[in-house]
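Work through the exercises below with the sequence and the model at hand. Try each task before reading its solution.

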Amino acid sequence: MEEIEINNAKILVVEDENIVALELKKRLKKLGYKIPSVASSGIEAINKAEGFLPDLVIMDIRLKGDMDGTQAAQTIRERFNIPIIYLTAHSDDETLKRAKQTEPYGYILKPFEEDDLRTAIEIALYKYQMENRPDK
């Protein structure tokens, strides 16, 4: 497995609120990450993940449409083995329970600070690399 350059990682943003998605994309680019695409639904997220195989997915849990973020995350994880970080305004017990079942690499509550975002991304990418080393 090729090592991911942490500050050069390709990230797929999945967020159905356009203003939030644009702000997140802007902040991530400022931190040095590449954002080839933004998806606004679970189905679109799966299709885009398959299309360019990002190093990481930042996923909102509540999405418009038939598929929510946890369902999309589960599919992306099973089909492509891409790490997921949830970025959501929801931390109720039921949402947390459903999110934990998908084994995310992080969970960030909105509103968030850039440092929280950067730290969560770096930890997630590092953990993913360590878990997927050829010598493991």
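This is a predicted model: local features need pLDDT of at least 70, side-chain atom pairs count only at pLDDT 80 or more; totals for chains, interfaces and linings use all residues.

**Exercise 1.** Find which residues of helix α2 (residues 42-52) are buried, and state how they are arranged around the axis.

Solution. 
- Step 1: G42, A45, I46, A49 and F52 are the buried residues of α2.
- Step 2: Viewed down the axis of α2, these residues lie within an arc of 160 degrees, so they line one face of the helix.
- Step 3: The packing partners of the buried residues are β1 (10-14), β2 (34-39), β3 (56-59) and α3 (69-80).
- Step 4: Just after α2, L53 has a positive phi of about 40 degrees.

**Exercise 2.** Check the span of helix α5 (residues 114-131), then locate its buried and exposed residues.

Solution. 
- Step 1: With 18 residues at 1.5 Å a residue, α5 should span 26 Å; its end C-alpha atoms are 26 Å apart, which agrees.
- Step 2: Buried in α5 are L117, A120, I121, A124, L125, Y128 and Q129.
- Step 3: Their arc around the axis is only 155 degrees, which puts them on the same side of α5.
- Step 4: D115 and I123, on the other side of α5, are exposed.
- Step 5: The buried residues of α5 pack against β1, α1 (18-30), β3, β4 (84-88) and β5 (106-109).

**Exercise 3.** Decide whether E15 is buried or exposed, and list what surrounds E15.

Solution. 
- Step 1: E15 sits in the loop between β1 and α1.
- Step 2: The relative accessible area of E15 is 3%; buried means under 20%, so E15 is buried.
- Step 3: Leaving aside neighbours within four places in sequence, E15 contacts V20, A21, A39, S40, D60, L63 and K110.
- Step 4: The E15 side chain reaches the backbone nitrogen of E17 at 3.0 Å.

Technical notes. Residues are numbered from 1 along each chain as its sequence is written. Side-chain values use heavy atoms; hydrogens and water are left out. Buried means under 20% relative accessible area, exposed over 50%, partly exposed in between (1.4 Å probe, protein chains only). Helices (H or I, at least four residues) and strands (E, at least two) are DSSP runs, numbered from the N terminus. The arc is that of the directions from the helix axis to the C-beta atoms. Contact means heavy atoms within 4.5 Å. The expected span of a helix is 1.5 Å times one less than its number of residues. A polar contact is a pair of N or O atoms within 3.5 Å; within protein, one must be able to donate a hydrogen and the other to accept it, and residues adjacent in sequence count only if both atoms are side-chain atoms.
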